Amino acid sequence: MNSEPVDDIADATGLKSGSGPARLLKALGYSVSGFAAAWRHEAAFRQLASLGAVLFVAAFFVTDVPLERAILIAPILLSLAIELINSAIEATVDRISLELHPLSKRAKDLGSAAQLMALLSIALVWLLVLCG
């Protein structure tokens with residue numbers, strides 16, 4: 001993927017053009033690049049993905065019921081998605097300015113709070129499924 005800055009709106013519009021399978025393949029490529037960037041640059045994502053991998057495997061040992069497994073795995077995937085969004089917010093805020101600003105702090109804190117809620121949902125769901 002080209003990391004050169006886009007000079008004008010017409011160039012940015014060109015990045016979104018296309019349709020059909022070619023567009024889907026490009027979108028898949030962008031998603032893979034996003035996962036790679038998160039893994040390479042975000043310690044929190046690596047930690048959460050590692051925890052998620054352990055819990056994903058554990059879900060197959062703690063219950064034989066497919067629906068319960070799905071219920072255990074869903075908040076893990078949700079938390080990973082929220083971490084990706086949180087990292088995107090942080091990168092965007094840092095790209096705009098590294099200057100300390102109350103709105104920058106608020107944006108980052110809100111992303112962090114969203115991730116905390118996702119982590120609490122993992123704990124709550126696992127507790128409810130395992131303890132009934």
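**Notes on the helices and cores**

1. Leu110 counts as exposed, because its relative accessibility is 54% (exposed is over 50%, buried under 20%, partly exposed in between, with a 1.4 Å probe and protein chains only). Leu110 sits in helix 5 (helices are DSSP runs of H or I, at least four residues, numbered from the N terminus). Its C-alpha atom is 8.5 Å from that of Asn86, 24 residues apart along the chain.

2. Bear in mind that this is a predicted model, where local features need pLDDT of at least 70, side-chain atom pairs count only at pLDDT 80 or more, and totals for chains, interfaces and linings use all residues. Residues are numbered from 1 along each chain as its sequence is written, and side-chain values use heavy atoms, leaving out hydrogens and water.

3. Now the cores. Leu55, Ala59, Leu72, Ile73, Ile76, Ile122 and Trp126 make up the largest nonpolar core (buried Ala, Val, Leu, Ile, Met, Phe, Trp, Tyr and Cys residues joined through side-chain atoms within 4.5 Å). Helix 3 (43-62), helix 4 (66-96) and helix 5 (102-131) each give at least two residues to this core, and the largest share, three residues, is from helix 4.

4. Not counting residues up to four places away in sequence, Ala59 touches Arg69, Leu72, Ile73 and Trp126 (contact is heavy atoms within 4.5 Å). A second, separate core has five residues, among them Ala38, Phe45, Leu48 and Ala49.

5. Helix 4 and helix 5 pack at about 170°, axes 9 Å apart (axes are lines fitted to C-alpha atoms over the stretch in contact, with angles from 0 to 180 degrees between N-to-C directions). The two helices are therefore roughly antiparallel (over 145 degrees).

Note on methods. Parallel < 35°, antiparallel > 145°, perpendicular 65-115°, else oblique.
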